[in-house]
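Please look through the structure shown here, and then read the notes below, which are grouped by topic.

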Number of protein chains: 2
Amino acid sequence: MRTRFQQGLDDLRQKLLRMGGLAEQAVDRARQAYIDRDLTRCQMVLEGESLINTAEREIDEAAFDLLAMQQPMAVDLRFILAVTKINSDLERVGDQAVNIAERVMDMVDLPVADLPVDIARMGAAVSAMVRRALESFIEGKVELAQAVLEMDNVVDRMKDDAFIQLVKAMNQRSDVVRQALDALLVARNLERVADHATNIAEDVIFWVQGSDVRHNVAVEEHSEAPAEPEGSPRASGI
Amino acid sequence: MRTRFQQGLDDLRQKLLRMGGLAEQAVDRARQAYIDRDLTRCQMVLEGESLINTAEREIDEAAFDLLAMQQPMAVDLRFILAVTKINSDLERVGDQAVNIAERVMDMVDLPVADLPVDIARMGAAVSAMVRRALESFIEGKVELAQAVLEMDNVVDRMKDDAFIQLVKAMNQRSDVVRQALDALLVARNLERVADHATNIAEDVIFWVQGSDVRHNVAVEEHSEAPAEPEGSPRASGI
């Protein structure tokens with residue numbers, strides 16, 4: 001028999017998945033808008049932001065209500081706390097997509113410049129990280145989450161490389177300074193999306209394993225927490 | 001009589017205040033490092049980051065343990081959730097201070113450039129926001145938190161202004177492109193610190209009033225939540 005609490009956990013999970021879909025869509029639209037210099041997609045990203053903000057609020061309220069409803073078991077408590085953290089990261093992913101759209105809107109008024117940066121490749125890697133992070137949440141799989149952590153290093157290198165090449169271009173060619181700056185800021189925004197995907201992956205690992213993997217600390221159990229049920233988080237009916 | 005739970009809430013509050021002190025200090029050091037081109041302060045910011053990361057983890061664990069310990073009243077639950085959110089924002093404030101320190105370390109190798117930007121003034125405003133946001137938490141005062149929200153608009157305008165002036169300088173003077181870029185990125189980092197201070201202020205309001213002020217939504221009570229005790233959060237022994 002499913003309790004009202006279990007139903008609440010399921011609803012919370014569904015809400016977060018919808019939120020994740022919105023954030024992922026916003027990043028995909030923003031990076032495509034950059035590639036195609038497409039103002040329509042920029043507009044869609046800006047309009048989508050309020051949906052994301054509403055979804056964030058609803059998830060926080062649902063999490064609060066569940067915590068207030070009854071004493072959750074440790075694994076459920078970790079799940080609810082992970083959801084609230086993932087929720088904030090997804091909202092910030094949406095903010096970064098808006099920042100990218102704003103850079104594109106600045107850029108389309110300027111002449112097209114051939115720049116030494118592959119934003120399309122970086123954008124594809126970042127979108128894959130967001131998708132993978134959400135999959136790791138859906139499946140409750142630590143291996144998927146760990147793959148996201150590894151991809152973050154690759155994206156960091158791409159951003160550093162973009163930074164070096166674009167600053168060089170800005171120094172050498174005064175006619176493309178502003179376009180190079182737009183590209184540099186887009187690369188930075190994409191890197192931040194990757195950081196949020198990394199945070200999400202870490203929260204999934206915290207939920208599933210009860211460990212805190214942030215800041216490269218060795219995996220350790222919450223020794224102070226009450227005894228926890230064994231098994232994957234899916235076993236608790238989520 | 002103070003219960004173990006109330007003692008736990010007090011400890012959590014003290015831990016967050018220490019974390020706030022570390023984050024505030026990091027921003028103060030980073031902005032002073034920019035003004036004085038001071039590598040020693042940059043180094044202090046980089047070294048301080050691991051203290052901040054450790055503090056973040058300890059606070060999350062303490063919050064988790066309190067939630068697991070017993071069924072908190074609604075006002076205490078809101079307090080604990082607000083602490084976990086403020087905790088993440090403070091950690092990100094620390095990250096921004098590191099970003100600023102890294103820009104300063106890039107900048108000191110370049111010739112001094114006279115740039116059309118007042119980073120000192122913007123930095124002072126941002127530090128004041130962080131301080132005020134932490135005060136609003138300590139005092140549990142909505143008015144202080146609301147003042148932070150208002151200051152955010154001022155800082156946003158400073159950043160937009162810095163952006164316009166610095167891009168102009170980059171276009172006109174190829175000899176200061178990199179210095180202007182460093183200044184522009186520092187302005188952006190400061191603006192993000194201001195955003196985190198704003199988030200903290202919003203979380204204080206959520207805690208004190210039980211309302212969600214994010215994204216300019218009209219103040220509304222959590223209608224689904226159980227009945228809550230009246231009075232300020234300080235009444236609950238926090």
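Among the contacts in chain A with a separation of 6 or more, 80% are between residues 24 or more positions apart, where two residues are in contact if their C-beta atoms, placed from the backbone, lie within 7 Å. This is a predicted model, in which local features need pLDDT of at least 70 and side-chain atom pairs count only at pLDDT 80 or more, while totals for chains, interfaces and linings use all residues. Residues are numbered from 1 along each chain as its sequence is written, and chains are lettered from A and ligands numbered from 1 in the order in which they are written.

**Chain A as a whole**

- Chain A holds six helices and zero strands, so that its elements, read from the N terminus, follow the order α-α-α-α-α-α; helices (H or I, at least four residues) and strands (E, at least two) are DSSP runs, numbered from the N terminus.
- Of the 238 residues in chain A, 47% are buried, a residue being buried if 20 or more other C-beta atoms lie within 10 Å of its own, exposed if 12 or fewer, and partly exposed in between, with C-beta atoms placed from the backbone.

**Helix pairs**

- Two packed helices are described by the angle between their axes and the distance between the axes; here axes are lines fitted to C-alpha atoms, for helices over the stretch in contact, and angles run from 0 to 180 degrees between N-to-C directions.
- Angles under 35 degrees count as roughly parallel, over 145 as roughly antiparallel, 65 to 115 as roughly perpendicular and the rest as oblique, and a crossing is left-handed if the near helix is turned anticlockwise from the far one by less than a right angle, and right-handed if clockwise.
- In chain B, the axes of helix H1 (residues 4-36) and helix H3 (residues 74-107) come within 9 Å and cross at roughly 20 degrees, and H1(B) and H3(B) are therefore roughly parallel to each other.
- The residues that make this contact include Leu9(B), Leu12(B) and Leu16(B) of H1(B) and Phe79(B), Val83(B) and Ile86(B) of H3(B), and the residues of the contact divide into 19 nonpolar, three polar and two charged; Ala, Val, Leu, Ile, Met, Phe, Trp, Tyr, Cys and Pro count as nonpolar, Asp, Glu, Lys and Arg as charged, and the others, Gly among them, as polar.
- In chain A, the axes of helix H4 (residues 119-139) and helix H5 (residues 142-172) come within 9 Å and cross at roughly 160 degrees, which makes H4(A) roughly antiparallel to H5(A).
- The crossing of H4(A) and H5(A) is left-handed, and the residues of their contact comprise 14 nonpolar, one polar and four charged.
- Between the chains, the axes of H2(A) and H3(B) come within 10 Å and cross at roughly 130 degrees, which makes H2(A) oblique to H3(B), and this crossing is right-handed.
- Phe64(A), Leu67(A) and Ala68(A) of H2(A) meet Ala74(B), Leu77(B) and Leu81(B) of H3(B), a contact whose residues divide into six nonpolar, no polar and no charged.

**The nonpolar core**

- A nonpolar core is a set of buried Ala, Val, Leu, Ile, Met, Phe, Trp, Tyr and Cys residues joined through C-beta atoms within 7 Å, and of the 144 residues in the largest one, Val130(A), Ala133(A), Val130(B) and Ala133(B) touch the most other members.
- Leaving aside residues up to four places away in sequence, Ala133(B) touches Ala145(B), Val148(B), Ala197(B), Ile200(B) and Ala201(B).

- Lys159(B) lies in helix H5 (residues 142-172) of chain B and counts as buried because 21 C-beta neighbours lie inside 10 Å.
- Leaving aside residues up to four places away in sequence, Lys159(B) touches Ala187(B), Arg188(B) and Glu191(B).
- Glu143(B) is also found in helix H5 of chain B, but Glu143(B) is exposed, with 8 other C-beta atoms within 10 Å.

**Loop residues with a positive phi**

- Most residues other than glycine have a negative phi.
- Arg37(A), however, has a positive phi of about 50 degrees although it is not a glycine; Arg37(A) is found in the loop between helix H1 (4-36) and helix H2 (39-69) of chain A and counts as partly exposed, with 14 C-beta neighbours inside 10 Å.
- Arg37(B) has a positive phi near 50 degrees, is placed in the loop between H1 and helix H2 (39-69) of chain B, and is partly exposed, with 14 other C-beta atoms within 10 Å.
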